[in-house]
Amino acid sequence: MNPITGAYLKKCSYLLTAILAATTAALSTQSSASGFALIENSATGQGNAFAGAAAYAEDATTVWFNPAGMMKLKGNQIVVVGHYINPKASFSNQGSVNADHSPSTGENDDGGRDAYVPNIYWVANVHQDIKFGLGITTPFGLKTEYNDTWVGRYHAVKTDLKTVNINPSIAYQLNDQISLGAGIDIMLADVVFTNAIDFGALTGASGAADGFAKLHADNHGLSNLTYGYNLGLLYNITPKTRLGLAYRSEMTIDVAGSAEFRVPTVAAPVLVTGAFRQTDLNASVTLPQSFSVSVAHNIKQLKLLADVTWTGWNSFNELRIHFNNPNQPDSVTTESWQNTLRYSIGLDWQYSPKITLRTGLAYDESPVPDARHRTARIPGNDRRWLSLGGTYRFNDAFTFDIGYSHLFVSDTSINNTFEVTPASAALAATLKGTYTSSIDIVSAQLRWHY
């Protein structure tokens, strides 16, 4: 490699790592859309449950939802967004057992943790018919954390997935009715998994000799960065009605890192097998593609909004973690997730030249097929959204938006057993019970038109 090129690539690597560190410094994410997706990429959208998001095009956040919508914006614009997510995921034990079928000990717990999610967008004129946009968002994320003595500790203690997506985009006005958009996605990811290990099950006293495992991995190196793309179309059916279509591709994240194990003294004999020693690891997960169809229709001071979004979660069939230690078998969790649909309706009311009020409803399907495939790391279920929000225009340059959503989550049953393979059968504890969950989200953003 040319020394100059090598130095440039090294600087790029440092820059991308710095962006990830800066963006995630205060970021702990609890998934609020289906699976471990995060739809929180706009405060205006939060206020109407993201209804009509691919046709909305009210501000620079359209870079994420439909890049073609940039052609609806006047001049240049920067938008800074912040979201506070307050989840509850309280577990009640209903017959969990250890690997030897003895009752699991430990308390019930709430794995939900508060989250702060930032976004930033920039849209600029390039030509009369061309605009450039850049979005830095967090499209996927998850954090659940339990006490390390809770009843499901062998399944999960801490799960922390952070992502940052860098999304340069371009939009083109094809004619008076149609605009097109496209973007490139560069995604950085960082993940931490921890859980207790029932070494007592290996020594004949299940539940009496707990160890611990910590796995940490990321894709920060240039050799395993994650890439994807997105496309959008905006069609003015009439002067008052527009249709938006938006597509995002699958993205495969390849992460590498290390695993550390803490083995209690009483279980030290298991170390002679060569397993449960510090080792490097790698894993690969394919994030889903999605396709949205949105409509926005103006009636005097009202804007009516509707959206249907399909997400291809069947790409998440299993989570396999491969350890470089040949004596440490792969960790495999069968997910068998299903494709989902999200439906939303909403409206904006132009109360005055300075004030807009909005509301929305949504129904968001869970990709988890049944209680057997539900895990303590992602104990999700179908969600019903109720959203409220508003906008205040200070002047031609500055606008402030706020949105609030409460997510009603159906009571969630779980009956999950560790993968039973010849290597893991002795550790096959079963977590059985019910999660009672809800999520509250507050979003705020400041727009600067220049």
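Hi everyone, let's start with a glutamine. Setting aside its neighbours within four places in sequence, Gln445 is in contact with Ser42, Ala43, Thr44, Asp59, Thr61, Val79, Val80, Val81, Thr399, Phe400 and Asp401. Before I go on, please keep in mind that this is a predicted model.

So where does Gln445 sit? You'll find Gln445 in strand S21, which covers residues 430-449. Is Gln445 buried or exposed? Gln445 counts as buried, because its relative accessibility is 1% and the cut-off for buried is under 20%. A polar atom of the Gln445 side chain lies 2.9 Å from the backbone nitrogen of Ala43.

Next, some backbone angles. Most residues other than glycine have a negative phi. Now look at Lys300: its phi is positive, about 55 degrees, although Lys300 is not a glycine. Lys300 is in the loop between strand S12 (290-299) and strand S13 (302-311). With a relative accessibility of 78%, Lys300 counts as exposed, since the cut-off for exposed is over 50%.

Ser336 also isn't a glycine, and its phi is positive at about 50 degrees. You can find Ser336 in the loop between strand S15 (331-334) and strand S16 (340-350). How accessible is Ser336? At 25% relative accessibility, Ser336 counts as partly exposed.

How many cavities of 30 Å³ or more does the structure hold? There are four. The largest cavity has a volume of about 580 Å³, and 37 residues line it. Of those, Trp64, Arg248, Ser290, Thr309 and Thr311 lie nearest its centre.

Which elements supply at least two residues each to that lining? They include two helices, H3 (53-56) and H4 (62-65). On the strand side, we have S6 (178-198), S8 (226-238), S9 (241-248), S12, S13 and S16. By residue type, the lining of the largest cavity divides into 21 nonpolar, 11 polar and five charged.

Last stop: the second largest pocket, with a volume of about 430 Å³. Its lining is made of 17 residues, and Glu58, Lys74, Arg393, Arg447 and His449 are the ones nearest its centre. What kinds of residue line this pocket? Nine are charged, four are polar and four are nonpolar.

Definitions and conventions. Residues are numbered from 1 along each chain as its sequence is written. This is a predicted model: local features need pLDDT of at least 70, side-chain atom pairs count only at pLDDT 80 or more; totals for chains, interfaces and linings use all residues. Side-chain values use heavy atoms; hydrogens and water are left out. Helices (H or I, at least four residues) and strands (E, at least two) are DSSP runs, numbered from the N terminus. Buried means under 20% relative accessible area, exposed over 50%, partly exposed in between (1.4 Å probe, protein chains only). A polar contact is a pair of N or O atoms within 3.5 Å; within protein, one must be able to donate a hydrogen and the other to accept it, and residues adjacent in sequence count only if both atoms are side-chain atoms. Contact means heavy atoms within 4.5 Å. On a 1 Å grid over the protein atoms alone, a cavity is a set of points where a 1.4 Å probe fits but cannot get out, and a pocket is an open set with protein on both sides within 12 Å along at least five of seven lines; lining residues have an atom within 4 Å of a point. Grid points are joined across faces, edges and corners, and a volume is the space filled by probe spheres set on the points. Ala, Val, Leu, Ile, Met, Phe, Trp, Tyr, Cys and Pro count as nonpolar, Asp, Glu, Lys and Arg as charged, and the others, Gly among them, as polar.
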